[in-house]
Amino acid sequence: MKTYHIPQTELSVSRLAYGCMKIGGSWGPEPLTQAVKDAAAKAVVTAYEQGITLFDHADIYSRGKSEEAFADVWSIVPRDKIVVQSKCGIRFAGDPYPGAPHRFDFSYEHIVASVEGSLRRLRTDYLDVLLLHRPDALVEPEEVARAFDDLSAAGKVRYFGVSNHTAAQMALLRIHIDQPIVINQVQLSLLHHYLISEGVVANIAGKPAVYGEPGRTALATATLDYCRAHGILVQAWGPVASGQVLNPPADAAPHVKATAALVTQMAQEKGTTPEAIALAWLLRHPAGIQPIIGTTKPERIIASCQADAVTLARGEPLP
Ligand SMILES: NC(=O)c1ccc[n+]([C@@H]2O[C@H](COP(=O)([O-])OP(=O)(O)OC[C@H]3O[C@@H](n4cnc5c(N)ncnc54)[C@H](OP(=O)(O)O)[C@@H]3O)[C@@H](O)[C@H]2O)c1
């Protein structure tokens with residue numbers, strides 16, 4: 001698979017990444033089962049065999065069980081052949097005391113404890129990349145900087161980034177943090193395209209985005225342009241909108257069905273898979289976007305990786 005160099009790092013990674021959010025089974029308190037572990041290993045090894053070298057985690061995925069399940073692949077996948085990324089900063093309701101609210105937490109203590117938990121579950125000495133999962137309204141950038149310094153000095157995290165952050169939120173962090181912010185992971189797909197379309201529809205009253213989609217206000221946060229200007233890799237989560245781009249439910253909105261029909265038609269015309277078309281749309285963007293695929297099905301992982309062979313032209317679909 002073709003690769004990206006992550007700017008500001010020594011990392012070279014596959015253009016598609018594999019998202020491990022769903023490999024740990026349920027989000028309840030029950031322990032991992034052997035069946036879930038076996039399916040997780042199959043999905044991860046399939047992705048690796050298809051050429052994927054970046055694996056995305058978070059401390060919260062299935063309450064830690066996704067990271068735990070992933071660790072079983074070390075007998076097959078050499079640690080130094082892949083880039084392992086995890087996230088911190090979301091706390092469940094009830095953590096750490098009964099009645100505590102669901103919230104975001106970028107405190108020094110939470111960041112450091114979260115990384116230590118991830119390393120223990122993943123059975124690895126270091127994370128290649130740590131992302132701050134979702135913006136914390138109470139962020140104190142000096143405290144984040146102290147946590148990053150200590151994690152970096154201890155060799156526990158090589159590089160740092162963010163997720164779901166706006167340009168201004170990244171700019172604020174960058175004032176205080178010595179390490180570069182190398183990634184921003186954001187929701188992006190044919191059906192959730194707002195960070196791309198905002199710059200096109202900004203300040204045009206009542207302009208529908210695509211296919212008569214009911215008007216959604218673009219925030220015009222200039223997040224993608226900020227990432228391009230500052231050498232921050234954009235990762236796209238939800239790249240097939242939970243399968244809606246490929247297999248829309250019967251009651252889906254007209255613009256969803258129209259998008260899926262076009263994706264299917266283009267896949268037939270180009271002799272490839274619908275997954276490949278949906279992901280190639282993201283790969284076409286000159287920012288160099290890295291889709292993070294989230295399917296747990298080996299056959300869908302293989303179908304997704306066909307995107308690497310598809311290059312969409314300007315103005316697709318072509319006559
Ligand atoms: N930073 C964040 O805030 C954030 C948020 C969410 C996710 N993420 C990361 O991004 C990764 C991908 O996110 P995602 O899971 O939302 O991405 P996605 O790839 O858009 O969606 C994957 C989901 O769609 C289903 N699916 C795939 N193909 C399908 C088809 N043809 N028909 C019907 N359903 C289909 C999959 O089910 P099957 O497994 O059955 O194929 C799976 O449940 C996650 O694993 C995680 O690492 C990050």
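Where does Ser242 lie? In this predicted model, Ser242 sits in the loop between β11 and α8 (254-270). Its phi is near 55°, a positive value in a residue other than glycine. Ser242 has 14 C-beta neighbours inside 10 Å, so it counts as partly exposed. Arg123 is another residue with a positive phi that isn't glycine, with a value near 50°. Arg123 is found in the loop between α3 (108-122) and β8 (127-132). With 14 C-beta neighbours inside 10 Å, Arg123 counts as partly exposed too.

The C-alpha trace spans about 55 × 45 × 40 Å along its principal axes. A compact globule of 319 residues would have a radius of gyration near 20 Å, and the chain's 19 Å agrees with that. Buried residues account for 44% of the 319 residues. As for contacts between residues at least 6 apart in sequence, 75% of them join residues at least 24 apart.

Now for strand β10 and its partners. Strand β10 covers residues 181-187, and six of these seven residues are buried, so the strand is largely enclosed by the rest of the structure. On one count, β10 is joined to strand β9 (residues 157-163) by three bridges, and the two run parallel. Here Ser163 stands opposite Gln185 in β10. To get from β9 to β10, the chain passes through helix α5 (residues 167-176), and this β-α-β crossover is right-handed. Strand β10 also pairs with strand β11 (residues 233-237), again in the parallel sense, over five bridges. In that pairing, Asn184 is the residue opposite Val234 in β11.

Next comes the ligand. The shell around it holds 25 residues, of which Gly19, Met21, Trp237, Gly243 and Gly294 come nearest. Sorted by type, the shell has nine nonpolar residues, twelve polar ones and four charged ones.

Finally, there are a couple of cis peptide bonds to look at. The bond from Asp95 to Pro96 is cis, with omega near 5°, and Pro96 belongs to the loop between β6 (90-91) and β7 (103-104). Glu316 and Pro317 are also joined by a cis peptide bond, where omega is about 0°. Pro317 lies in the segment after α10 (298-305).

Terms used:
Residues are numbered from 1 along each chain as its sequence is written. This is a predicted model: local features need pLDDT of at least 70, side-chain atom pairs count only at pLDDT 80 or more; totals for chains, interfaces and linings use all residues. A residue is near a molecule or strand if its C-beta atom, placed from the backbone, lies within 6 Å of it. Ala, Val, Leu, Ile, Met, Phe, Trp, Tyr, Cys and Pro count as nonpolar, Asp, Glu, Lys and Arg as charged, and the others, Gly among them, as polar. A residue is buried if 20 or more other C-beta atoms lie within 10 Å of its own, exposed if 12 or fewer, and partly exposed in between; C-beta atoms are placed from the backbone. Helices (H or I, at least four residues) and strands (E, at least two) are DSSP runs, numbered from the N terminus. Two strands pair if DSSP finds at least two bridges between them. A crossover is right-handed if, with the strands pointing away from the viewer, the path from the first strand over the helix to the second runs clockwise. The radius of gyration is taken over C-alpha atoms; the globule rule is 2.2 Å times the number of residues to the power 0.38. Two residues are in contact if their C-beta atoms, placed from the backbone, lie within 7 Å.
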